[in-house]
Amino acid sequence: MPADQSPRQRDFPPLRETPGDSGSYDIRIARDGTWFHEGGRIGRKPLVRLLASVLWRDDGGIYWLQTPVEKGRIQVEDAPFTAVELSVKGDGRGRSLAFRTNLDDWVEVDSAHPLRVAENPENGDISPYILVRGRLEALILRPVYYELAELAEAPPADVAAKLALADDCLGVWSHGVFFPLGSAR
């Protein structure tokens, strides 16, 4: 390339309008947020961050890695990210909560990034999540969830009625929104 020619001026092949479906990539994200390729752990965080930047989930719950040129399905055991740290500022309705993911991104809990708690119908175990982006969630790791649970409080009657919550429901406030965590039992 001549010295006076920038990389943007070079001739690159045109990108397809619709990425080609390459089928599946042999990539798996374990429940603890560890990424694997062909059975081996991907240990380089910058590479995992790069892959995560092209990760998305479709309406059917299938996870994809998609570049402008191709896309392929990957396996995700639970959620593609984990929440490994909790930051708390303020209290009550004025509180703001934020979680750091295993890839060092911070996500503030608000109406666009809600908390949810799913219960396993077989054994009653709960799994708490925060929406990171699109349809991608982070599983809140157990020690971090315990920190969150220490902040739990009963909602005011008007909020409980509006959200149709059980009488013994506890939850947390963040950015003026009440997020139910579950029963006090």
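## Ser96 and its surroundings

Leaving aside neighbours within four places in sequence, Ser96 is in contact (heavy atoms within 4.5 Å) with Ser87, Val88, Lys89, Ser174 and His175. Ser96 belongs to strand S8, strands being DSSP runs of E with at least two residues and helices runs of H or I with at least four, both numbered from the N terminus. With a relative accessible area of 19%, Ser96 is buried; buried means under 20% relative accessible area, exposed over 50%, and partly exposed in between, for a 1.4 Å probe and protein chains only.

The model is predicted, so local features need pLDDT of at least 70 and side-chain atom pairs count only at pLDDT 80 or more, while totals for chains, interfaces and linings use all residues. Residues are numbered from 1 along each chain as its sequence is written, and side-chain values use heavy atoms, with hydrogens and water left out.

## The chain as a whole

The chain contains 14 strands and 3 helices. Of its 185 residues, 36% are buried. Among contacts between residues at least 6 apart in sequence, 47% join residues at least 24 apart.

## Strand S8 and its two partners

Strand S8 covers residues 96-101 and is mostly covered, with 5 of its 6 residues buried. S8 runs antiparallel to strand S7 (residues 81-89), to which 6 bridges join it; two strands pair if DSSP finds at least two bridges between them. Within this pairing, Ala98 in S8 stands opposite Ser87. The S7 and S8 hairpin has 6 residues between the strands, and Gly90 takes a positive phi near 80° there.

S8 is also joined to strand S9 (residues 106-108), by 3 bridges and again in the antiparallel sense. Here the bridge partner of Ala98 is Glu108 in S9. The hairpin of S8 and S9 has 4 residues between the strands. In the loop between S8 and S9 lies Asp104, a residue other than glycine whose phi is positive, near 70°. Asp104 is partly exposed, at a relative accessible area of 38%.

## Strands S13 and S14

Because 5 of the 6 residues of strand S13 (residues 169-174) are buried, this strand is largely enclosed by the rest of the structure. S13 pairs with strand S14 (residues 177-183) over 6 bridges in the antiparallel sense. One of the bridge pairs consists of Leu170 and Gly182, the latter in S14.

The hairpin of S13 and S14 has 2 residues between the strands. His175, which is among the contacts of Ser96, is placed in the loop between S13 and S14. The phi of His175 is near 50°, a positive value in a residue other than glycine. His175 is partly exposed, with a relative accessible area of 41%.

## Nonpolar cores

In soluble globular proteins, nonpolar side chains tend to be buried together. A nonpolar core is a set of buried Ala, Val, Leu, Ile, Met, Phe, Trp, Tyr and Cys residues joined through side-chain atoms within 4.5 Å. The largest such core has 32 residues, of which Trp35, Leu55, Ile74, Phe81, Phe99, Leu115 and Leu148 touch the most other members. Not counting residues up to four places away in sequence, Phe99 touches residues including Ala83, Leu86, Trp106, Val107, Leu115, Ile130, Ile140, Val144 and Leu148, and also Glu85 and Asp105.

A second, separate core has 6 residues, among them Val159, Leu165, Cys169 and Phe178. Leu165 is found in the loop between helix H3 (157-162) and S13, and counts as buried at 18% relative accessibility. The C-alpha atoms of Leu165 and Ser183 are separated by 9.4 Å, the two residues being 18 residues apart along the chain.

## The second largest pocket

On a 1 Å grid over the protein atoms alone, a pocket is an open set of points where a 1.4 Å probe fits, with protein on both sides within 12 Å along at least five of seven lines; lining residues have an atom within 4 Å of a point. The second largest pocket holds about 160 Å³ of space, a volume being the space filled by probe spheres set on the points, which are joined across faces, edges and corners.

The residues that line this pocket include Asp32, Gly33, Thr34, Trp35, Arg41, Lys45, Asn102 and Leu103. Trp35 is also one of the residues with the most contacts to other members of the largest nonpolar core.
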